[in-house]
Amino acid sequence: MTAVPLQPPRRLVDLTLDGEPVRAPEGSTLLDACRAAGKDVPTLCQGDTLTPKNACRVCVVEVEGARTLAPACSRRVEPGMEVRTDTERARHSRKVVLELLASSVDMSTTPRAAEWIEEYGAEPGRFGPDAARVDEEPKIDNDLYVRDYDKCVLCYKCVDACGEQWQNTFAIAVAGRGFDARISTEHDAPLTDSACVYCGNCIEVCPTGALSFRSEFDMRAAGTWDESAQTRTTTVCAYCGVGCNLTLHVQDNEIVKVTSPHDNPVTHGNLCIKGRFGYQHVQNRD
């Protein structure tokens with residue numbers, strides 16, 4: 001077994017969080033510090049395996065002396081910082097962002113979105129029925145996963161996972177500008193004609209369900225998808241010797257999808273097509 005070298009200790013930074021003195025490792029973000037202190041700061045575009053894009057702006061907090069609100073997901077802690085996470089200004093900003101998102105995007109499968117909308121008193125309906133919506137039918141052009149861009153909040157996490165931060169396949173990118181911006185394959189070609197290698201790492205990081213397993217999509221459409229009835233079992237992929245960890249999501253004694261632990265030092269949540277989608281042989285009863 002290969003020994004993992006010890007990393008040098010990180011200095012601790014003293015700062016004030018909602019009036020309470022806290023210590024956070026140097027180089028960590030305000031969001032890391034908030035979570036370590038047990039403070040629930042909402043976020044959509046932040047991913048624990050990706051470089052922050054500051055796209056959704058739901059995680060903004062107030063920093064003493066700063067002219068604008070700071071995105072907690074990317075702002076690094078500094079000695080002597082005075083940070084407030086629940087001020088009227090921060091709450092109002094989160095409320096407006098949630099209203100704008102929920103008025104134009106289907107957030108029905110976004111974890112905790114309904115909870116945050118209620119908590120911050122957001123009223124997406126106040127923009128009326130003519131609020132800009134994608135109103136695009138789900139793209140079902142393969143048997144493995146579905147792209148439902150009516151749920152996309154343009155967080156760019158899928159683009160980063162497919163591109164230089166992980167897969168380096170570059171099958172998808174942002175196309176169009178302004179209100180016409182969208183996630184697309186090259187020349188808007190079907191996924192089967194693109195550079196996609198079907199690793200599914202884009203699904204792993206999608207925060208809204210815009211990208212989902214075909215099995216999950218079909219079960220939701222049939223009304224049989226029930227996460228509360230699912231068990232999760234982490235095992236090792238048997239296809240090769242890399243040692244990728246798989247988390248099997250099982251409902252009614254059937255594997256319904258596969259994810260990977262983000263804290264695994266081998267994969268950091270990433271898999272190949274075999275590991276993520278090649279599980280059917282496990283439950284072949286013919």
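## Residue N270

N270 counts as buried because its relative accessibility is 13%, buried meaning under 20% relative accessible area with a 1.4 Å probe and protein chains only. The model is predicted, so local features need pLDDT of at least 70 and side-chain atom pairs count only at pLDDT 80 or more, while totals for chains, interfaces and linings use all residues. Residues are numbered from 1 along each chain as its sequence is written, and side-chain values use heavy atoms, with hydrogens and water left out.

N270 sits in the loop between strand 12 (254–259) and helix 7 (273–277). Helices (H or I, at least four residues) and strands (E, at least two) are DSSP runs numbered from the N terminus. Leaving aside residues up to four places away in sequence, N270 touches W166, N201, S260 and R276, a contact being heavy atoms within 4.5 Å.

## Largest pocket

The largest pocket has a volume of about 1100 Å³. A pocket is an open set of points on a 1 Å grid over the protein atoms alone, where a 1.4 Å probe fits, with protein on both sides within 12 Å along at least five of seven lines; lining residues have an atom within 4 Å of a point. Grid points are joined across faces, edges and corners, and the volume is the space filled by probe spheres set on the points.

The lining of the largest pocket comprises 40 residues, with P111, E204, V205, C206 and P207 nearest the centre. At least two lining residues come from each of helix 5 (201–205), strand 9 (211–213), helix 6 (214–222) and strand 12. By class, 13 are nonpolar, 14 polar and 13 charged. Ala, Val, Leu, Ile, Met, Phe, Trp, Tyr, Cys and Pro count as nonpolar, Asp, Glu, Lys and Arg as charged, and the others, Gly among them, as polar.

## Second largest pocket

The second largest pocket holds about 780 Å³ of space. Its lining has 29 residues, and S104, V105, C152, L154 and F179 are the closest to its centre. Helix 2 (88–104) gives the most to this lining, with five residues. The lining of the second largest pocket divides into 21 nonpolar, three polar and five charged residues.

## Strand pairing

Strand 8 (182–185) also supplies at least two residues of the second largest pocket's lining. Strand 7 (172–175) runs antiparallel to strand 8, joined by four bridges; strands pair if DSSP finds at least two bridges between them. V174 stands opposite I183 in strand 8. Six residues separate the strands of this hairpin, where G176 takes a positive phi near 80 degrees.

Terms used
Buried < 20%, exposed > 50% of the residue type's maximum accessible area, 1.4 Å probe, protein only.
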